[in-house]
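Colleague: I would like to learn how to read a model with several chains. Could you walk me through it, one feature at a time?

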Amino acid sequence: MSELKSPDAWERFFWPIAAAAMLLCVWHYSVLWTGTKIFPSPLSVEKGIAELFHKHVLWADIADSLRRVAIGYGAAVLVGVPLGLCLGWFPPAHQVVNPLLQILRPISPIAWIPVAIIFFGIGDPAAIFLVFLGAFFPIVVAAVSGVSSVPLIFRRAGRNFGLSNFQLLRKVVFPAAMPQILVGLRIALGIAWLVVVAGEMIAVDSGLGYLVIDSRNSGKRYDLVVAAMLMIGVMGLLLDVAFRRLEKMKSVRWGFRNAA
Amino acid sequence: MSLAQAGLAATPNGYKLRAKQLGMIYYADSKSVAALEDINLDISDGEFICLVGPSGCGKSTLLNLMGGFLSPSSGSVTIDGEAVTGPDQRRILVFQERGVFPWLTVEGNIGFGLSKLPRAERESRIAHYVQLVRLQGFEHSYPSDLSGGMKQRLQVARALAVNPDILFLDEPFGALDSITRVIMRGELLRIWQTERRTIVFVTHDIDEAVQLADRVVVLSSRPARIQEILNIDIPHPRNISSSRYLELRDELLKQIGLAYEI
Amino acid sequence: MRVPVWLRPVLFLVALLVIWEISVRMHPGLILPGPIAVLAGLEELLHHGLLLKYVVASLFRVTWGFVLATITAIPLGLALGWYRRGEMAFNPLSQIFRPISPLAWIPIAILWFGVGDLSSIFLIFVGCFFPLLLTAMSAVHNIPAVYIHAGRNFGLSSKAFVARVLYPAVIPQLLVGMRITLGVAWLVVVAAEMIAVNSGLGFLIVDARNAGNRYDLVVAGMVVIGVIGLLLDFTMRSLEQIRTFRWRSSED
């Protein structure tokens with residue numbers, strides 16, 4: 001904002017790489033200077049990543065984590081979006097249900113584990129349930145908010161053209177609320193990714209989260225711990241980027257500039 | 001062109017729209033505010049009526065009542081002899097801004113009310129109205145690519161596509177710059193003369209009213225009553241420097257109570 | 001008879017509780033407790049003074065972690081956001097760190113801080129740091145250019161500019177980001193306590209289950225977590241509503 005001149009195109013790549021390089025140097029030298037035996041250096045982490053890839057462990061774990069996210073998140077979307085649309089459409093209904101939602105929402109999915117285990121036992125279904133919980137609330141909130149912020153003009157125009165209630169919901173309210181719903185879906189996806197990793201550290205025995213815990217427990221392989229963490233970060237970022245692409249396609253078309 | 005084709009055939013009881021002793025009272029907190037009082041208005045088929053009045057006087061309320069978006073506290077509105085009880089495809093409202101659906105293309109918007117028609121007819125109608133409002137070349141564009149004037153033309157096209165009897169326009173050019181506004185007035189008149197409908201047009205712009213309307217209905221400030229109805233007896237195209245035009249304009253300014261020397 | 005508006009959600013909740021209680025009674029031997037058992041559990045915790053102790057412990061950790069993250073991430077984020085190159089440099093890195101669940105930092109936390117309070121505070125710190133950093137950067141971005149120009153136009157010194165234009169301009173968005181991040185912190189503390197410490201509400205849930213399947217205490221703990229999380233959110237929202245911070249609404 002207050003620079004000497006506008007950054008050039010090449011700088012878009014230069015600066016992040018420079019920052020990353022600086023970070024790696026600091027990391028490398030800290031490990032060297034403190035003489036730690038346990039905490040890995042960047043090089044050993046790199047070797048660790050290669051090792052994980054070679055052993056095919058990484059692909060399996062990534063696949064497992066993604067699978068759980070897909071099912072849990074998918075379920076949250078299928079249940080949450082229609083529910084949110086209904087609640088947004090019928091404010092009295094929302095008013096009745098909202099307090100319950102607001103009390104359940106701050107309860108970390110992790111805290112649900114004991115209850116999840118009662119219903120689902122230990123293993124995959126419990127983890128998927130946790131993902132569902134984590135994604136469900138942001139989606140409902142976004143859908144409700146999206147519907148209630150549809151301008152009255154659109155509803156009136158829809159009615160003017162003789163649309164029934166259901167048609168109105170489908171042809172006017174839903175498309176109009178879409179940008180906001182998409183933002184909520186993206187945020188929920190990020191949360192789903194966080195929850196799946198956390199859940200895997202506790203309740204199952206495969207996946208990236210489990211890899212983190214297991215690497216430490218079976219031999220203090222901190223190089224693998226950090227390697228797994230980086231993979232988690234990168235995967236999460238890729239999911240987010242992919243989703244933003246999706247948003248851009250729709251939002252720019254509709255001219256909603258504030259789909260931040 | 002026969003009278004019927006020009007849309008000037010007489011309706012059964014002679015009037016297209018009749019408002020009888022229309023009144024509207026709003027309730028806010030525990031107070032009641034009378035927005036409209038004792039509105040009596042008869043509009044003939046194919047007429048161009050302008051509603052003018054000071055800001056906030058209730059012009060939009062009257063329009064919404066006539067369109068069936070609000071229920072009157074007293075009195076009634078009948079169109080073609082039928083009481084108005086709700087919104088209907090036969091009378092379309094065009095809004096000041098943001099009325100077009102941003103997720104549909106130009107074609108999509110114009111075709112919005114046409115889903116019950118067979119495809120061939122729908123497509124030919126859409127093409128016809130794209131031509132009429134001069135948006136050729138933009139059929140597949142989204143509203144975000146259009147200028148303000150173009151968006152309003154799109155709204156008009158969408159409204160006309162369903163063949164309504166009456167068009168209600170609520171300050172449709174209010175959000176446009178003054179040059180575009182002048183152009184849009186010409187466009188509207190051209191369209192109206194090509195495809196005649198009854199038009200009820202709300203504006204706070206005196207010149208606009210005199211340039212467009214057959215009759216101008218002046219509303220007083222709240223609670224709004226019909227203060228005066230002016231007959232604009234100049235034929236189109238109207239010369240805005242002619243003495244008759246200026247006379248009528250002055251009369252209108254006087255009615256609204258504005259001094260005309262700044 | 002029309003049910004008054006405020007009563008409806010209450011009736012709804014009561015109805016759910018009744019259904020819950022009935023379902024539990026119909027299945028004797030089910031580990032899941034009914035609401036009455038949960039209430040009894042709550043009372044027991046209160047009686048033994050454990051509830052208060054655990055709530056305080058959890059709040060203590062959240063506060064420390066959140067405050068530390070705030071005072072480091074926000075100034076840093078504002079500075080980085082101000083210089084476009086700064087943001088270019090650190091945004092991608094932050095975007096990689098942000099999706100890493102704070103819990104995934106547990107091995108490192110234990111390595112650096114051992115098992116205990118410091119560990120969990122670190123986890124909360126990590127969980128809050130990146131979101132707050134990104135919020136601050138984004139808030140600077142969203143300052144309308146007109147404010148910047150006006151500030152310059154009136155010849156403000158750098159220091160005055162930051163104090164009189166920058167901070168007021170970013171505060172509404174910062175507050176929203178802080179409220180959301182506080183919610184995240186609350187989620188993290190509960191999860192972190194289930195693993196790395198021996199007091200607090202998260203610990204209560206794990207301990208209650210391990211020490212004899214006291215599910216009545218587990219669910220009681222969950223309810224308390226939900227209520228306190230709600231209160232925290234409410235408090236932050238009230239902060240947002242304070243006049244001096246509310247200026248944003250006037251410009252809509």
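Colleague: Which conventions should I know before we start?

Modeller: This is a predicted model, in which local features need pLDDT of at least 70, side-chain atom pairs count only at pLDDT 80 or more, and totals for chains, interfaces and linings use all residues. Residues are numbered from 1 along each chain as its sequence is written, while chains are lettered from A and ligands numbered from 1 in the order in which they are written.

Colleague: How many residues does the contact take from chain A and from chain B?

Modeller: That contact takes 15 residues from chain A and 18 residues from chain B. On the chain A side, α7 (152-160), α8 (165-202) and α10 (222-254) of chain A each give two or more residues, and α7(A) gives the most, with six residues. Nine residues on this side of chain A are nonpolar, three polar and three charged. Chains B and C have no contact, and their closest C-alpha atoms lie 16 Å apart.

Colleague: How do I judge the overall fold of chain B?

Modeller: Start with a count: chain B has seven helices and 10 strands. Its radius of gyration, taken over C-alpha atoms, is 19 Å, close to the 18 Å that the globule rule (2.2 Å times the number of residues to the power 0.38) gives for 262 residues, so chain B is as compact as a globular protein of that length. Residues 24 or more positions apart make up 69% of the contacts in chain B with a separation of 6 or more.

Colleague: What is the average pLDDT of chain B?

Modeller: pLDDT is the predictor's confidence in each residue, from 0 to 100. Chain B averages 86, and 94% of the residues score at least 70. Over residues 1-11 of chain B the pLDDT is below 50, and this stretch has 15 contacts in the model beyond near neighbours in sequence.

Colleague: And how do I read the sheets?

Modeller: Strands of a sheet pair through backbone hydrogen bonds, either parallel or antiparallel. Two strands count as paired if DSSP finds at least two bridges between them. In chain B, six strands form an open sheet in the order β6-β7-β8-β3-β9-β10, with mixed pairing. At its edges stand β6 (91-94) and β10 (226-231) of chain B, each with a single partner strand, so one side of each has no neighbour in the sheet. Strand β9 (residues 215-219) of chain B pairs antiparallel with β10(B) over five bridges, and R215(B) stands opposite N231(B). A hairpin of six residues joins β9(B) to β10(B).

Colleague: What is the order of the open sheet of four strands in chain B?

Modeller: The order is β2-β1-β4-β5, with antiparallel pairing. Its edge strands are β2 (31-43) and β5 (82-83) of chain B. Two bridges join β4 (residues 74-79) of chain B to β5(B), and I79(B) has E82(B) as its bridge partner.

Colleague: Is R214(C) buried or exposed?

Modeller: A residue is buried if 20 or more other C-beta atoms, placed from the backbone, lie within 10 Å of its own, exposed if 12 or fewer, and partly exposed in between. R214(C) has 21 C-beta neighbours inside 10 Å, so R214(C) counts as buried. R214(C) sits in the loop between α9 and α10 of chain C. R214(C) and V38(C) are 176 residues apart in sequence and 10.0 Å apart in space, C-alpha to C-alpha.

Methods: Two residues are in contact if their C-beta atoms, placed from the backbone, lie within 7 Å. Ala, Val, Leu, Ile, Met, Phe, Trp, Tyr, Cys and Pro count as nonpolar, Asp, Glu, Lys and Arg as charged, and the others, Gly among them, as polar.
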